Amino acid sequence: MGVVTADRLVRDFGGGRRVGPVAFEVGEGEMAVLRGGNGSGKSTVLRLICGEELPDEGEVAVWGRRPRRSERWFRARVGVLDDVSAFPDLTVREHLMLVAVGHGLRDRAAARTAWAMDACRLTDHADVSPYKLSRGLRQLLGIAAVLIPEETRLLLLDEPERHLDARARAWLVDTLTARRASGTAILAATHSPELLAAASTTIDLGDPG
Ligand SMILES: Nc1ncnc2c1ncn2[C@@H]1O[C@H](COP(=O)(O)OP(=O)(O)OP(=O)(O)O)[C@@H](O)[C@H]1O
């Protein structure tokens with residue numbers, strides 16, 4: 001069974017704005033990328049896979065079940081990176097601790113948080129508000145939060161490379177490749193040539209013109 005199965009998915013916003021049909025499967029240890037011009041539907045497909053939107057045609061399944069991001073079962077297994085939002089009165093460290101504790105890491109939460117801050121170049125910014133970070137560092141905070149839970153078996157990433165410099169983009173590819181090697185499935189919407197080159201599968205949504 002694939003981790004993600006999308007069967008003839010269509011999302012119709014009306015007025016000729018229609019995404020799909022698109023069909024694909026992502027299996028364990030695969031890194032699939034959604035490629036396409038601006039407005040081609042990459043973010044929409046990711047929202048369909050999260051269950052944040054429902055398809056107008058076709059079907060989507062995650063481990064054979066209808067996805068619902070609001071369900072605990074889904075959140076325990078699936079890491080989702082989209083627009084990074086934060087609590088203004090919590091520090092970077094406190095955000096990541098919240099994620100770690102929320103994912104049941106308890107006595108390992110502090111160590112895992114320290115690991116994620118180090119991996120994502122956030123250690124020097126541990127005690128500041130996310131809103132004081134540069135856009136690239138705030139993006140790295142979102143990536144750190146997605147990487148913290150170790151039990152996550154599927155990562156859904158909407159333009160993870162956004163605002164990252166060349167060094168961080170190279171690090172991102174290495175990190176996702178390592179995560180993949182441990183069996184995690186990855187589906188990313190991207191414009192990044194580095195991620196496109198590293199992917200095992202490319203899902204092309206074309207160019208809406
Ligand atoms: N909530 C919505 N209501 C109406 N139209 C929408 C909505 N969300 C997306 N669309 C339309 O669906 C199409 C696909 O948008 P989407 O954001 O999925 O594209 P994308 O490939 O992620 O683009 P980009 O590369 O610019 O981020 C666009 O025409 C967009 O205007």
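Modeller: Let us begin with the hairpin. Strands β1 and β2 form a hairpin, with five residues between them. In its turn, G14 has a positive phi of about 85 degrees.

Colleague: How many bridges join β1 to β2?

Modeller: This is a predicted model. Strand β1 covers residues 4-12 and strand β2 covers residues 18-26, and the two run antiparallel. One of the pairs is V4 with its bridge partner V26 in β2. The number of bridges that join the strands is six.

Colleague: What average pLDDT does the protein chain have?

Modeller: For the model as a whole, the scores are ipTM 0.97 and pTM 0.95. Within the protein chain, 99% of the residues score at least 70. The average pLDDT of the chain is 93.

Colleague: Which helix gives the largest share of the shell around the ligand?

Modeller: The residues around the ligand include F13, R17, V19 and A189, and also G39, S40, G41, K42, S43 and T44. The shell divides into three nonpolar, seven polar and two charged residues. Its largest share is three residues, and they come from the helix of residues 42-50, α1.

Colleague: How many residues of α1 are buried?

Modeller: Helix α1 is mostly covered. Among its buried residues are K42 and T44, together with V45, L46 and R47. Just after the helix, G51 takes a positive phi of about 80 degrees. Of the nine residues of α1, the number buried is eight.

Colleague: Why does R47 count as buried?

Modeller: R47 is found in helix α1. Leaving aside neighbours within four places in sequence, R47 is in contact with E52 and E53. R47 counts as buried because the number of its C-beta neighbours inside 10 Å is 20.

Colleague: How far apart in space are R47 and D82, C-alpha to C-alpha?

Modeller: Along the sequence, R47 and D82 are 35 residues apart. In space, the C-alpha to C-alpha distance between them is 9.5 Å.

Colleague: On which side of α4 do its buried residues lie, and what arc do they cover?

Modeller: In helix α4, residues 109-119, the buried residues are R112, T113, A116 and M117. They lie on the same side of α4, because the arc they cover around the axis is only 135 degrees. An α-helix has 3.6 residues a turn, so residues three or four places apart point the same way. The answer is therefore the same side of α4, with an arc of only 135 degrees.

Colleague: Which exposed residues does the opposite face of α4 carry, the one turned away from its buried side?

Modeller: The buried residues of α4 pack against α3 (92-102) and α5 (135-147). After the helix comes R121, whose phi is positive, near 60 degrees. The face turned away from the buried side carries the exposed residues A111 and D118.

Colleague: Is H95 buried or exposed?

Modeller: The place of H95 is in helix α3. Leaving aside neighbours within four places in sequence, its contacts are A86, L90, P130, L141 and A145. Because H95 has 21 C-beta neighbours inside 10 Å, it counts as buried.

Colleague: What distance separates the C-alpha atoms of H95 and L141?

Modeller: Along the chain, H95 and L141 are 46 residues apart. The distance between their C-alpha atoms is 8.8 Å.

Note on methods
Residues are numbered from 1 along each chain as its sequence is written. This is a predicted model: local features need pLDDT of at least 70, side-chain atom pairs count only at pLDDT 80 or more; totals for chains, interfaces and linings use all residues. A residue is near a molecule or strand if its C-beta atom, placed from the backbone, lies within 6 Å of it. Helices (H or I, at least four residues) and strands (E, at least two) are DSSP runs, numbered from the N terminus. Ala, Val, Leu, Ile, Met, Phe, Trp, Tyr, Cys and Pro count as nonpolar, Asp, Glu, Lys and Arg as charged, and the others, Gly among them, as polar. A residue is buried if 20 or more other C-beta atoms lie within 10 Å of its own, exposed if 12 or fewer, and partly exposed in between; C-beta atoms are placed from the backbone. The arc is that of the directions from the helix axis to the C-beta atoms. Two residues are in contact if their C-beta atoms, placed from the backbone, lie within 7 Å. pLDDT is the predictor's confidence in each residue, from 0 to 100. Two strands pair if DSSP finds at least two bridges between them.
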